[in-house]
Amino acid sequence: MGIHSVTYAVIDSPLGPLTLVGTDAGALTGLYMDQQRYRPEESGFGDRDDSTLRAVAEQLDEYFHHGRTKFDVPLHLVGTDFQRRIWTALQDIPYGETTTYGGLASALGLKPQSARAVGLANGKNPISIIVPCHRLVGSTGSLTGYGGGVHRKQALLDHERGLQPLIN
């Protein structure tokens with residue numbers, strides 16, 4: 001599937017502004033936080049139109065404020081075959097739960113030493129929150145890292161566990 005054009009919108013969220021990037025067909029290709037590691041240059045996002053990607057914005061609002069636990073917006077994951085395999089598997093980690101990098105590698109039939117490669121692919125996830133990379137943790141349960149900042153990872157996990165409301 002070739003991308004003919006892209007557009008983006010910026011929405012407010014309890015985590016700060018979120019940039020939604022999508023194709024002309026309405027598939028989400030990126031969801032980025034401010035100061036996110038590996039965030040592409042905004043010049044590659046196309047034209048800004050905050051009226052686009054409304055279904056994504058609505059589902060994110062439901063996630064943050066009204067108990068949505070799964071997303072069903074169309075996604076277009078752009079990456080290597082291995083990265084897309086990891087990102088697809090992330091979507092199978094249930095809301096409110098975590099798994100380890102090694103656990104995900106094992107679930108995919110990869111060798112235990114693949115945990116580092118899983119972590120690298122996870123870190124390059126272009127669609128944060130909806131493709132829940134925040135649900136991967138270190139072997140001891142430590143948060144290890146998060147492209148949007150460990151404080152946001154903790155806030156997302158606490159939100160999903162009902163421990164505290166999300167705040168900016």
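1. In this predicted model, Cysteine 133 touches Leu90, Asn122, Asn125, Ser128 and Tyr146, leaving aside residues up to four places away in sequence. The UniProt record, an unreviewed entry, lists Cys133 under "active site".

2. Cysteine 133 lies in the loop that runs between helix 4 (115-123) and strand 6 (136-137). The relative accessible area of Cysteine 133 is 7%. Buried means under 20%, so Cysteine 133 is buried.

3. Two of the residues touched by Cysteine 133, Leu90 and Asn122, also take part in a meeting of helices: Leu90 on the side of helix 2, and Asn122 on the side of helix 4. Helix 2 covers residues 81-90. Besides Leu90, helix 2 brings Phe82, Gln83, Ile86 and Trp87 to this contact, while helix 4 also brings Ala117, Val118 and Ala121.

4. The axes of helix 2 and helix 4 come within 9 Å and cross at roughly 80 degrees. Helix 2 is therefore roughly perpendicular to helix 4. Sorted by class, their contact has seven nonpolar residues, two polar ones and no charged ones.

Terms used: Residues are numbered from 1 along each chain as its sequence is written. This is a predicted model: local features need pLDDT of at least 70, side-chain atom pairs count only at pLDDT 80 or more; totals for chains, interfaces and linings use all residues. Side-chain values use heavy atoms; hydrogens and water are left out. UniProt positions are given in the numbering used here, feature names are shortened, and annotations may be inferred rather than shown by experiment. Helices (H or I, at least four residues) and strands (E, at least two) are DSSP runs, numbered from the N terminus. Buried means under 20% relative accessible area, exposed over 50%, partly exposed in between (1.4 Å probe, protein chains only). Contact means heavy atoms within 4.5 Å. Axes are lines fitted to C-alpha atoms, for helices over the stretch in contact, and angles run from 0 to 180 degrees between N-to-C directions. Angles under 35 degrees count as roughly parallel, over 145 as roughly antiparallel, 65 to 115 as roughly perpendicular and the rest as oblique. Ala, Val, Leu, Ile, Met, Phe, Trp, Tyr, Cys and Pro count as nonpolar, Asp, Glu, Lys and Arg as charged, and the others, Gly among them, as polar.
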